[in-house]
Amino acid sequence: MEVKKANAAMLSNYEVFKLLTDLKEQRRDAGKSKHSVRQQNLNTIMYETLKYLSKTPCSRQSPEIIKEFLTTMKHHKLTKAEKLQLLNHRPQTAVEIQLMVEESEERLLEEQIEELIQNVADLLPGDPEQENTAAADAKMDEGGEQS
């Protein structure tokens, strides 16, 4: 593999997840063969990256969700890097927005920050682990109330 143009584009976590998932499928279809040490290292990196990304909200995103999110973000006048940060990290508080948007205190009003948080919550799927924990907590609450 050769890098043609470094920093030609920034990739979202979803794009990396999709690329690695597709590459894994291609390798599975190609069959097992003896791998060099380099190939084994690459496989380890792919495995660890997929393992991490599968536990993040990007594993539940789709091109349609991302397109809708970016369309909604157009009127906020954010840079591409800031939109990418919002997409990848899915901020839920004003503090997280301030960390991701440069000079947010000068560029965004409090209402705009709240609107950003609401748009992120409405358009992007949540963290699968947090939702599983919340569902388990809700079941425990139901069970505790019935006793």
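Where is the place of Ser-12? Ser-12 sits in the segment before α1 (13-30); helices here are DSSP runs of H or I of at least four residues, numbered from the N terminus. The model is predicted: local features need pLDDT of at least 70, side-chain atom pairs count only at pLDDT 80 or more, and totals for chains, interfaces and linings use all residues. Residues are numbered from 1 along each chain as its sequence is written, and side-chain values use heavy atoms, with hydrogens and water left out.

Ser-12 has 2% relative accessibility, so it counts as buried (under 20% relative accessible area; exposed is over 50%, partly exposed in between, with a 1.4 Å probe and protein chains only). Leaving aside residues up to four places away in sequence, Ser-12 touches Ile-66, Leu-84, Leu-87 and Asn-88. Contact means heavy atoms within 4.5 Å. The C-alpha atoms of Ser-12 and Lys-83 are 9.8 Å apart, across 71 residues along the chain.

Now the helix pair. The axes of α3 (residues 63-73) and α4 come within 11 Å and cross at roughly 135 degrees. Axes are lines fitted to C-alpha atoms over the stretch in contact, and angles run from 0 to 180 degrees between N-to-C directions. α3 and α4 are therefore oblique to each other: that class holds what is left after under 35 degrees (roughly parallel), over 145 (roughly antiparallel) and 65 to 115 (roughly perpendicular). From α3, Ile-66, Phe-69, Leu-70 and Met-73 make the contact, and from α4, Lys-83, Leu-86 and Leu-87.

Further on, Thr-93 lies in the loop between α4 (80-89) and α5 (94-100). Thr-93 is partly exposed, at 37% relative accessible area.

How values were computed. Helices (H or I, at least four residues) and strands (E, at least two) are DSSP runs, numbered from the N terminus.
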